[in-house]
Amino acid sequence: MGSATAYQLAKRGVTVLGLDRFSPPHVYGSTHGETRITRQAIGEGEEYVPLVLRSHEIWRELERETGRMLLMQNGGLILANAGGESHLHGKPDFFGRTVSAAEKFGITHEILEASEIRKRFSPFHLQGNERGYYEPEAGFLNPEACVKAQLDLSESYGATLHRGETVTAILPDADKAGATVTTDRGSYHAERLILTAGSWLPQLLEAPLLRIPQIQFPVYRQVLYWFRVNGDIRAFLPENFPVFIWSHGGSSEGIYGFPALNGKAGGVKVATEQFIEAVTPETVSREVTPSESQQMYRENIAGFLPSLSENCVRAVTCLYTVAPDSRFVLASHPAHPQIFVASPCSGHGFKHSAAIGKAIADWATQTPSSLDLSSFGFPT
Ligand SMILES: Cc1cc2nc3c(=O)[nH]c(=O)nc-3n(C[C@H](O)[C@H](O)[C@H](O)COP(=O)(O)OP(=O)(O)OC[C@H]3O[C@@H](n4cnc5c(N)ncnc54)[C@H](O)[C@@H]3O)c2cc1C
């Protein structure tokens, strides 16, 4: 969110100072692990669709500006389980809501019966009465490359970026003219302050002047796994295998995954989501134990993608910052309109981030925006 915003503002000639405690892209927050799913018919709600559609245009603009590959549209498959059920990001009937969004926005798609899914995408082990929503223009983004492209461009447009500098205090001006930010290296005043601190945002909002009563953004540890392919890898290559979200009806809510991008040894990335135990970026265990990988294989891989082996070649942890009802909060602070809060995106924000950066730049420059963030205010 920060890199997208810095890029959009610097491109307009605005004076931008970007502060980050690490040097993005890095592995300590929410934006690493090689791939993020992007899809255009957004089952989380139709209000998200304009954001992703605009983001796809911006990713392509960024590719032209940098000559780097960011977005691969290899197709996406959303699978409802054998009972026809699907649930994701706090939304029941995620499958049906996705289809409705596709119909409303004219997004190209097909509804596939299980027999057709088996024929086209042989790795999925289906019961026989699943349904699939297939979107040919869905696919995946490389989050690290997207962040780097936007930061590099923002610097080339004149932004100042201070890496390895931690914000320790924020003091909004009483007259709402701006805010002062104190870091471990100095102090800065700005007319507008945009907080994109990801999983560290709850800590920053604990400052007495910034506290928002009755609102919490819990942070949850997630694990990404890469399992080795047994036998021939061809069925898992991007030209043959889509990104997918599968409410498989097993012990977890479901799984999502990607094609094989780094040969047989690189494995296939598959993950689940969990919202049980809240952590902080400081307390989270970043190690993934062998027993976690084995449990993942047993419960979510063996019965569903049987041509993946139990050999987990890589596993990393990542953090979700979750807003009520698994929605987004993208809004100015209720008490300090000069401060914009932009990080709680409940584990589904990356695909929208390029357009979110543009919408925030519109807010900061008081430019009428073609992007409507009014659905993403602070819950009351
Ligand atoms: C496992 C996982 C899978 C996901 N899958 C998808 C997906 O498939 N599709 C999708 O659309 N979205 C997905 N998401 C969500 C998406 O990746 C996130 O919503 C998005 O990347 C979050 O970006 P952010 O800028 O809010 O946070 P971050 O990228 O974590 O950035 C926050 C930054 O703030 C900095 N910071 C924090 N505190 C301070 C401070 N005090 N001073 C200075 N700097 C500070 C941090 O160093 C960090 O660089 C996934 C997320 C995870 C974790």
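## The ligand shell and the cysteines

The shell around the ligand takes at least three residues from each of two domains, domain 1 (2–32 + 143–217 + 324–363) and domain 2 (36–141 + 218–321), with bounds that come from an automatic or database domain assignment. The model is predicted, so local features need pLDDT of at least 70 and side-chain atom pairs count only at pLDDT 80 or more, while totals for chains, interfaces and linings use all residues. Residues are numbered from 1 along each chain as its sequence is written, and side-chain values use heavy atoms, with hydrogens and water left out.

Of the 31 residues around the ligand, Asp-20, His-26, Thr-31, Arg-36 and Cys-318 come nearest; a residue is near a molecule if one of its heavy atoms lies within 4 Å of it. The shell is made up of 14 nonpolar, 12 polar and 5 charged residues, where Ala, Val, Leu, Ile, Met, Phe, Trp, Tyr, Cys and Pro count as nonpolar, Asp, Glu, Lys and Arg as charged, and the others, Gly among them, as polar.

| Residue | Protein atom | Distance to a ligand oxygen atom |
|---|---|---|
| Arg-36 | polar side-chain atom | 2.7 Å |
| Ile-37 | polar backbone atom | 2.8 Å |
| Phe-350 | backbone N or O atom | 3.0 Å |

On its own the ligand has 1,000 Å² of accessible area, of which the protein covers 94%, as calculated by the Shrake-Rupley method with a 1.4 Å probe. The elements that give two or more residues to the shell are strand 1 (17–20), strand 2 (36–38), strand 15 (219–229) and strand 20 (308–321), and strand 20 provides the largest share, 3 residues. Helices (H or I, at least four residues) and strands (E, at least two) are DSSP runs, numbered from the N terminus.

The structure holds 0 disulfides, a disulfide being a pair of cysteine sulfur atoms within 2.5 Å. Cys-312 counts as partly exposed because its relative accessibility is 22%, whereas Cys-345, at 6%, counts as buried; buried means under 20% relative accessible area, exposed over 50%, and partly exposed in between (1.4 Å probe, protein chains only).

Conventions:
A polar contact is a pair of N or O atoms within 3.5 Å; within protein, one must be able to donate a hydrogen and the other to accept it, and residues adjacent in sequence count only if both atoms are side-chain atoms.
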